[in-house]
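Subject: Structure handover

Hello,

Here is the structure we spoke about. Please open it next to this note, and then read on for what turned up.

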Amino acid sequence: MATFEKRVLKNGGIRWRAKVRIKGHRPLLKVFQRKTDAKRWAAKVEAEIQDGLRVQTTRDQRRTLAQLFEVYRQEVLPTVSAKSQSDRIRHLDWWQDQLGGDVLLSQLSRPMLADGLRALARGKSASGRPASAASRNRYLATLRHALSWAVREEWIQQNPATLLRAREPRGIVRFLSEDERARLLDAVRGTGRLELLVHMALTTGARQGELLSLRWPDIDLDRRVARLEETKNGDRRALPLHDTVVQLLIERGRVRRIDNDLVFLSDDHRSRGTASFPRTAWFQALEDAGIENFRFHDLRHTFASYLAMHGASLAEIAEAMGHKTLAMVSRYAHLSESHTHSVVRNMVDSILT
């Protein structure tokens with residue numbers, strides 16, 4: 001029996017997945033651009049199986065890594081964002097080079113994949129540099145997802161990447177002290193793009209990439225809100241804008257180009273109409289402010305840390321930062337201990353008095 005599933009790609013394109021299931025045979029599937037082609041292929045396969053012309057040998061039943069990745073590219077990748085596609089393609093290419101495209105999926109084992117993680121740690125990544133534990137886990141996550149797809153499609157019985165993970169060090173929270181914050185804001189004053197970026201990161205907790213993707217239609221100055229259409233976890237998010245940020249946006253809007261709606265459009269003509277981070281100005285501001293060991297991303301940590309120190313719960317911090325779970329914000333728990341102790345004390349006083 002054949003089934004046909006319609007898939008709508010992010011670019012508006014259409015794909016049809018044909019799957020043929022006949023008792024005693026492993027399911028066969030193929031992806032087509034047109035439904036008529038999918039039906040024609042399915043009818044041909046069913047007829048061949050019924051007439052005994054298509055005999056599945058042991059070799060036919062066992063799929064290779066290259067075959068899995070080919071179907072994964074056709075079916076799964078078009079359903080994710082362009083950025084995620086680029087990352088996953090890089091990961092898939094690396095795993096295919098590392099393990100070999102001809103290796104049978106049934107031959108993959110956890111030790112083989114663990115060897116791959118160790119190779120990444122030794123510098124055999126796509127970039128040629130030793131990969132961090134977090135980066136190694138991203139490579140592994142792509143492979144795990146592809147193998148999970150293979151399990152669902154009954155190509156293999158078990159996913160050898162399950163429970164395999166590189167141990168990541170406990171994250172260190174670096175945030176600005178009050179004195180550092182004052183010095184940094186003074187150092188970026190009058191720097192244009194950088195001043196606005198710093199203020200927005202510090203007051204909204206948005207990531208650098210999220211801010212750089214902002215376009216003027218995403219900004220609602222009347223409601224004092226900026227809408228993030230694409231975030232790291234795939235959800236839309238609204239950023240509340242402080243009066244200072246609103247004023248900086250108004251000033252930047254006065255000199256914006258009419259042929260490009262990027263808020264943080266680069267001033268460099270070599271950028272070809274894209275938004276880029278003003279790296280040179282950022283490092284100069286850190287030097288002028290006398291701040292060491294600090295990244296732009298640490299402004300996001302500063303935002304979360306200040307929320308915790310002002311009594312926000314972990315759930316409130318997670319919502320403000322766009323996290324779906326509390327795991328990523330647990331690192332700020334110790335900063336809100338005094339608030340937590342106050343809540344517990346009030347509860348205990350109410351039940352014992």
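What order do the strands take in the open sheet of 3 strands? The order is β1-β2-β3, and the pairing is antiparallel. At the edges sit β1 (2–8) and β3 (28–32), each pairing on one side only. From one strand to the next, the twist averages 20°.

Before going further, please note that this is a predicted model.

Strand β2 covers residues 14–20. It is joined to β3 by 5 bridges, and the two run antiparallel. Across from Arg17 stands Val31 in β3. A helix also packs on this sheet: α3, residues 65–75. Helix α3 touches β1, β2 and β3. Its direction makes about 45° with that of β3. As background, strands of a sheet pair through backbone hydrogen bonds, either parallel or antiparallel.

Next, the helices. Start with α8, residues 193–204. Two of its contacts are worth a look.

Angles over 145 degrees count as roughly antiparallel, so that is how α8 and α10 lie to each other. Their crossing is left-handed. From α8, the residues in contact are Arg193, Glu195, Leu196, His199, Met200 and Thr203. They meet Thr244, Val245, Leu248, Leu249 and Arg252 in α10. By class, this contact has 5 nonpolar, 3 polar and 3 charged residues.

The other partner is α12, residues 298–309. Here the axes are 7 Å apart, and the helices pack at an angle of about 35°. The crossing of α8 and α12 is right-handed. On the α8 side are Val198, Ala201, Leu202, Thr203 and Thr204. On the α12 side are Leu299, Thr302, Phe303 and Tyr306. This contact of α8 with α12 has 6 nonpolar and 3 polar residues, but no charged ones. Note Thr203 of α8: it meets α10, and it is also listed in the contact with α12.

Last, the whole protein. How many helices and strands are there? The secondary structure comes to 14 helices and 6 strands. Of the 353 residues, 42% are buried. Take the contacts between residues at least 6 apart in sequence: 56% of them join residues at least 24 apart.

Over to you.

Best wishes

Methods:
Residues are numbered from 1 along each chain as its sequence is written. This is a predicted model: local features need pLDDT of at least 70, side-chain atom pairs count only at pLDDT 80 or more; totals for chains, interfaces and linings use all residues. Side-chain values use heavy atoms; hydrogens and water are left out. Axes are lines fitted to C-alpha atoms, for helices over the stretch in contact, and angles run from 0 to 180 degrees between N-to-C directions. Helices (H or I, at least four residues) and strands (E, at least two) are DSSP runs, numbered from the N terminus. Angles under 35 degrees count as roughly parallel, over 145 as roughly antiparallel, 65 to 115 as roughly perpendicular and the rest as oblique. A crossing is left-handed if the near helix is turned anticlockwise from the far one by less than a right angle, and right-handed if clockwise. Contact means heavy atoms within 4.5 Å. Ala, Val, Leu, Ile, Met, Phe, Trp, Tyr, Cys and Pro count as nonpolar, Asp, Glu, Lys and Arg as charged, and the others, Gly among them, as polar. Two strands pair if DSSP finds at least two bridges between them. Buried means under 20% relative accessible area, exposed over 50%, partly exposed in between (1.4 Å probe, protein chains only).
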